Amino acid sequence: MAISKELLDILVCPLDKEPVKLTEDGKGLKCAKCKRVYPIKDDIPVMLVDEAKIEE
Amino acid sequence: MTTGSLELQGRRLELLSTRLTQRFYDRTAPFYSISSLLFHSRAHRRVVELAGPLEGQTVLEVAVGSGELFQFLLERNRTGLTVGVDLSPGMVAVVKKRLQERAANGFRLVTGQSLLQAVDARKMPFPDGMFDALFNCYLLELLPAADIGRTVREFYRVLRPGGRLLLVNPGDSSRLFNFLHGWAGYAVPSYWGRLVAKEVPRILEHGGFRVCHSEIVSQTGYPSLVTVAAR
């Protein structure tokens with residue numbers, strides 16, 4: 001898991017533009033507002049709405 | 001190209017879903033750099049020249065493809081941040097792997113700090129006004145008409161006031177080129193798309209940009225329209 005701090009600092013949810021946070025397991029980036037989790041595949045954040053899953 | 005076949009080509013492009021385009025580029029990612037070398041590399045170099053100094057800036061490239069321009073941008077921005085995005089996670093993985101291999105081999109061309117991710121250009125995961133410069137090559141011609149406006153508005157949103165948009169698209173050329181491009185676009189819409197060159201100034205001005213410069217750069221008989229616009 002190697003998502004840099006610089007990347008976390010700039011990424012927001014593509015839908016509501018709220019900051020995203022790394023999930024506990026480190027496998028995704030979660031938006032606090034819409035609860036979408038964007039997967040991180042091979043250290044590449046996949047910030048596509050179609051690929052995100054809503055996790056309460 | 002007759003009006004009828006142009007309409008047909010446009011219709012095929014409208015039917016082309018984002019997912020299909022993503023799949024096409026995921027599959028062709030390992031070979032895509034061949035077409036960049038043949039048709040695009042001269043326009044890539046020119047658009048970097050036209051951009052002026054990039055050192056220390058926050059720079060975004062939308063649709064990095066196989067990463068040839070992205071590499072130029074990293075060379076020119078050793079102290080700033082260069083962010084690259086592409087709809088295709090496969091394409092992004094290829095670029096990332098190449099950069100890592102080059103860095104591991106002590107290749108001096110990998111310099112600045114790069115961040116890569118899979119992103120839809122219509123809905124980008126960046127705050128408003130974040131970037132000083134935005135590069136986008138050979139994308140608008142692949143989009144359905146409604147998405148072109150949405151994408152240009154998104155470019156405007158993520159650029160800071162006074163930021164520059166550096167755009168490259170297939171140029172309008174001889175009737176023969178336009179005819180061949182039209183049929184190629186009908187056969188493989190994910191790759192060739194349609195000619196948008198004549199519409200580019202209107203599209204940009206409609207999106208709030210001011211066009212500062214445009215020129216045609218030809219390579220292997222393939223004309224590219226290079227446009228510089230200010231937000």
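Buried area is the accessible area, taken with a 1.4 Å probe, that two parts lose on being put together, summed over both. In this predicted model, local features need pLDDT of at least 70 and side-chain atom pairs count only at pLDDT 80 or more, whereas totals for chains, interfaces and linings use all residues. Residues are numbered from 1 along each chain as its sequence is written, chains are lettered from A and ligands numbered from 1 in the order in which they are written, and side-chain values use heavy atoms, with hydrogens and water left out.

Chain B and chain A bury about 1,600 Å² between them, with 66% of it on carbon and sulfur atoms. On the side of chain B, Leu115(B), Lys123(B) and Pro125(B) lose the most area to chain A, together 28% of what that side buries. The contact (heavy atoms within 4.5 Å) is made up as follows.

| Chain | Residues in the contact |
|---|---|
| Chain B | 23 residues |
| Chain A | 18 residues |

Across this interface the rule finds one salt bridge, a side-chain nitrogen of Lys or Arg within 4 Å of a carboxyl oxygen of Asp or Glu. Glu154(B) forms a salt bridge with Lys17(A), and their closest N and O atoms are 3.4 Å apart. Of the side of chain B that touches chain A, the largest share, six residues, comes from β3(B); strands here are DSSP runs (E) of at least two residues, numbered from the N terminus. Strand β4 of chain A, residues 44-47, runs parallel to β3(B) and is joined to that strand by two bridges, where strands pair if DSSP finds at least two bridges between them. Met47(A) has Val119(B) as its bridge partner in β3(B).

Note on methods:
Helices (H or I, at least four residues) and strands (E, at least two) are DSSP runs, numbered from the N terminus.
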